[in-house]
Amino acid sequence: MSDSTPRTKQELIIAVWESLDCESVGAGELKRIQEEILLKFGPGAVESPAAIARLLADEGAVLRHPEVLSCDSEWRQTEFADAAPLDQFLFSNISEAENSIKQFEAWRREVTAAEPDSTLPRQLGLELKRMVELVAQSPIVKNEDREVAGEVIQWLNVWLQQPLIFSEWLDLRKRSPEFIERFPRG
């Protein structure tokens, strides 16, 4: 790393990436960056591989998307072992995505009923959104899959802002002319 000590997580992420001097970023690089965040800022500061990859992509890094997705999925399974099963969130088509997000919402209701101040549902919702954003932005993913991912991102934005009205909003969204035109069999 350079002589100047990084003061923020973002600065540290970029500094470690630059010190690795790699053409592309995948699982190994992301894990190395997470280790450095852990050492400098502690366990609560460690970012998900998807969040790190997004920052690096914004800085011009070439991502090895399959590795990034796999690394992120493994990290989330370890990090949130007792939480909602994000690895079971499927969105290869609109119907799958709707079923998955309804299960996720049901899990959120259970958690908040038991622990009203829990931030875990929101944290996992953000992680899920980051994961779906990687798919939506990946040039190696089919257009149809990117389109579904883009729709799911919109759903997650609403869910993150207003989880209490999400179910009603989704019902209205599915009846909108734009949705029906984009996903006629949805």
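This is a predicted model: local features need pLDDT of at least 70, side-chain atom pairs count only at pLDDT 80 or more; totals for chains, interfaces and linings use all residues.
Over the whole structure, a search finds 17 salt bridges. One of them joins the side chains of Lys 9 and Glu 47, with 2.6 Å from N to O. Lys 9 belongs to helix 1 (residues 9–20), while Glu 47 sits in the loop between helix 2 (27–41) and helix 3 (49–58), so the pair ties together parts that are 38 residues apart in sequence. Lys 9 is partly exposed, at 26% relative accessible area, and Glu 47 is also partly exposed, at 22%.

A second contact, between Glu 98 and Lys 174, is a salt bridge with an N to O distance of 2.6 Å. Here helix 5 (residues 94–114) supplies Glu 98 and helix 8 (residues 166–175) supplies Lys 174, so parts 76 residues apart in sequence are tied together. Glu 98 is buried, with a relative accessible area of 8%, whereas Lys 174 counts as partly exposed at 25%.

The next pair is Arg 182 and Glu 151, a salt bridge in which the closest N and O atoms are 3.0 Å apart. Arg 182 lies in helix 9 (residues 177–182) and Glu 151 in helix 7 (residues 143–161); the pair therefore ties together parts that are 31 residues apart in sequence. Glu 151 is buried, its relative accessible area being 0%, but Arg 182 is partly exposed at 28%. Both residues belong to a network of salt bridges that also links Glu 147, Arg 173 and Glu 178.

Technical notes:
Residues are numbered from 1 along each chain as its sequence is written. Side-chain values use heavy atoms; hydrogens and water are left out. A salt bridge is a side-chain nitrogen of Lys or Arg within 4 Å of a carboxyl oxygen of Asp or Glu. Helices (H or I, at least four residues) and strands (E, at least two) are DSSP runs, numbered from the N terminus. Buried means under 20% relative accessible area, exposed over 50%, partly exposed in between (1.4 Å probe, protein chains only).
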